Amino acid sequence: MIRILHFSDIHYLPHLGTLALRDFFALRRIAGWLNYALFRRWRFAASDAIVDALAAWSAKEAFDANLFTGDATSLGTPGEIELARKKLDVFAHLPGGLLVIPGNHDRYVLDTSAGNRFDATFSDLYRSDLPETQTDGHWPQVRLFGSSAAILLLHGALPHRNILFSSGSIPEVQLAGLDAALSHASLRNRTVLIAAHHGPFSSDGRHDSIFHGLDDSDAVFARLRRHPGAIFVHGHIHQRFYHPATNSHIPVFCAGSATFAGRESAWVFEIDHPTGNRAIPADFTSGGWVARYENSVPLPCNTKL
Ligand SMILES: [Fe+2]
Ligand SMILES: [Fe+2]
């Protein structure tokens, strides 16, 4: 059995010592600072302790993989990115390692994007077992686990000039890599978690807005429907939810935020479990993380066809 911990949107807060005046030569970051000062500061005040507890729980549970789907920072400044890398290092040193995708806050403005600051700081964690399908720089990345599971990571968090937009989009050149990976013999007969930062739907099941969601989700999901064992997992929305498969889309799991006060959440995916694949919600409660096995969700199974 393969067990994967999926968490997202930890939003470490900016420490004064990590900020420089030049970080604020962008309207988005000034707006982001106001958002931080008025709202986020309180919601994510305990991120440090909660993520440390998650790492301790992961070590105890010996998960086969730790998947983080972005928004490690709040304003995406170089100092925050460095700090987030140091703090997440504990996952990278676990046997399951750390798989990571940047979120829109980690590629907040053009300076962090143009300098590829997140990639420069986290790219030692980037690796693909199918490098021939990496059509867009580091992306997509494919990681194989045992003979039954895989994780395919897509990156679509690109900065917007318009501060009203926080949506994402998977570049066409990366979709070519997705096509190549999904038709690769190594993924046949595996359950594949397709991981991105942005998702297609809101928690109520409606399409997320053009301001906030995954822009090209129809193009992405038309491809994913061809793979019988594909499951889409993402972050970006700070509320955990699950939408079962329909005729038009594969199952979709949003991890919510691991650190949003009062809504701390994650998922555990168990692939090749003796009674079938399943997803288990995990909550932070009374200072520690627990899996709610009583609320497990069955998953499609693509092994032993
Ligand atoms: Fe977020
Ligand atoms: Fe986000």
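Tutor: Two residues are in contact if their C-beta atoms, placed from the backbone, lie within 7 Å. The model discussed here is predicted.

Student: Which residues does Ala195 touch?

Tutor: Nonpolar side chains tend to be buried together in soluble globular proteins. Leaving aside residues up to four places away in sequence, Ala195 touches Leu67, Thr69, Ile101, Ile151, Leu152, Leu153, Leu154, Val233 and His234. The largest nonpolar core has 69 residues, of which Ala195, Ile151 and Leu152 touch the most other members.

Student: In strand 9, what is the bridge partner of Val233?

Tutor: Strands of a sheet pair through backbone hydrogen bonds, in either a parallel or an antiparallel sense. Here, the partner of Val233 in strand 9 is Phe253. Strand 7 (residues 230–234) and strand 9 (residues 252–255) run parallel and are joined by three bridges.

Student: What is the order of the strands in the open sheet of six strands?

Tutor: The order is 4-5-6-7-9-8, and the pairing is mixed. Strand 4 (141–145) and strand 8 (240–243) each have a single partner strand, so one side of each lacks a neighbour in the sheet.

Student: Which residues lie on each face of strand 10?

Tutor: In a regular strand, side chains alternate between the two faces of the sheet. In strand 10, Ser265, Trp267, Phe269 and Ile271 lie on one side and Ala266, Val268 and Glu270 on the other, and all are buried.

Student: How many bridges join strand 1 to strand 10?

Tutor: Five bridges join these antiparallel strands, and His6 has Trp267 as its bridge partner in strand 10. Strand 10 also pairs with strand 11 (residues 278–285) in the antiparallel sense, over six bridges.

Key
Residues are numbered from 1 along each chain as its sequence is written. Chains are lettered from A and ligands numbered from 1 in the order in which they are written. This is a predicted model: local features need pLDDT of at least 70, side-chain atom pairs count only at pLDDT 80 or more; totals for chains, interfaces and linings use all residues. Two strands pair if DSSP finds at least two bridges between them. Helices (H or I, at least four residues) and strands (E, at least two) are DSSP runs, numbered from the N terminus. A nonpolar core is a set of buried Ala, Val, Leu, Ile, Met, Phe, Trp, Tyr and Cys residues joined through C-beta atoms within 7 Å. A residue is buried if 20 or more other C-beta atoms lie within 10 Å of its own, exposed if 12 or fewer, and partly exposed in between; C-beta atoms are placed from the backbone.
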